[in-house]
Amino acid sequence: MKAIALALGGGGSRGGAHIGVLRALEREGIRVAALAGTSIGALVGALYLAGHSPDEIARTSAAMQHGRLFRRGRGEQADSFRGLAGMRSFLEGMLGERTIEELRVPYAATAVDLKTGAAVVLRSGRIVDAVLAAIAFPGVFPSHTVGEWALIDGAISTPLPIALARSLASPAGSLPVVAVSLSGQPLSSGQPISGNSDLTGLGALRRLRRLRWVRALANFSRAFGITRKNLEDARIQLEQPDLVLYPAVRGISLLERADVHELARRGEEAVAEALPQLHALFED
């Protein structure tokens, strides 16, 4: 069977596209033999490797109550706009106490230690802890404590974990690396930048968009998105994945209530458009 190392990037609500990519890869008979994920990519990847099918992940995600998912729980730090108590309950229901070591293929999630600024790779321990750390977008969600680390979203330093996915293959570098970007085409393409870092779609902020400070927040979050996209583009150039997929998800913001099934369809389309390049990876 054809096999790849897969790198799934961050993008908040756009993560439904990852589900479609996984579904399309299965349809083409391509096995994911190693997977590295950042942010929502770490979440979708963990569920998939734990044995949940793309269809099941899509159905379950679509049925979740968006507001309850991001409620603040008892004991959560108060340094964030939203909480992850609902997400923790969801993950524990799907993954229980399983560990990364129990997954069917090598897996790693990216995070950053808020205390030191160091990039952290989570490739052992409870899957739930790894995912909660990987999705802890700073300011929006509380940091997640693992040992001595106060961990936040790995997209701060590794928006697309290409080199990490390559390192997980055994032996290292033995598999073609396919990366999935939810941030849109490179900035040099001249296309409008994506809005996946815009925080003004969150809850009450959506109703206050005419206020000056909310407009200022929109500009700040947009600038953060540009910085993040530049970092992703630079990593793609440096780490040279064998193929990059760009699902058409531009315009969907970080925590927008999105149609999971429609996003999954767009992920499938991205694979379909790249089928010649994808199958060419195995010609040798």
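Colleague: How many of the ten residues of α2 are buried?

Modeller: This is a predicted model. In it, α2 is largely enclosed by the rest of the structure. The buried residues run through Ile-40, Gly-41, Ala-42, Leu-43 and Val-44, and on through Gly-45, Ala-46, Leu-47, Tyr-48 and Leu-49. The number of buried residues in α2 is therefore ten of the ten.

Colleague: Which residue with a positive phi follows α2?

Modeller: The phi in question is near 110°. The residue that follows α2 with this positive phi is Gly-51.

Colleague: Which element gives the largest share of the lining of the largest cavity?

Modeller: A search of the whole structure finds three cavities of 30 Å³ or more, and the largest has a volume of about 530 Å³. Of the 35 residues lining the largest cavity, the closest to its centre are Gly-12, Ser-13, Ile-40, Phe-70 and Met-87. Elements that give two or more residues to this lining include α1 (16-27), α3 and α5 (85-95). The largest share is four residues, and it comes from α2.

Colleague: How many residues in the lining of the largest cavity are charged?

Modeller: The lining residues include 20 that are nonpolar. Another eleven are polar. The charged residues number four.

Colleague: Is Ser-61 buried or exposed?

Modeller: Ser-61 lies in helix α3 (residues 54-63). Leaving aside residues up to four places away in sequence, Ser-61 touches Arg-257 and Val-260. Its relative accessible area is 14%, and the cut-off for burial is under 20%. Because of that value, Ser-61 counts as buried.

Colleague: How many of the seven residues of β3 are buried?

Modeller: Strand β3 (residues 107-113) has both faces covered. On one side, Tyr-107, Ala-109, Ala-111 and Asp-113 are buried.

Colleague: What is the bridge partner of Ala-111 in β6?

Modeller: Strand β3 runs parallel to β2 (residues 30-37), with three bridges joining them, and Leu-35 stands opposite Tyr-107. With β6 (residues 149-153), β3 pairs in the antiparallel sense over three bridges. The bridge partner of Ala-111 in β6 is Asp-153.

Key: Residues numbered from 1 in each chain as written. Predicted model: local features only at pLDDT ≥ 70, side-chain atom pairs only at ≥ 80, totals over all residues. Heavy atoms only, no water. Buried < 20%, exposed > 50% of the residue type's maximum accessible area, 1.4 Å probe, protein only. Contact = heavy atoms within 4.5 Å. 1 Å grid on protein atoms, 1.4 Å probe; cavity = no way out; pocket = protein on both sides within 12 Å on 5 of 7 lines; lining within 4 Å. Points joined across faces, edges and corners; volume = space filled by probe spheres on them. Nonpolar A, V, L, I, M, F, W, Y, C, P; charged D, E, K, R; others polar. Pairing = 2+ DSSP bridges.
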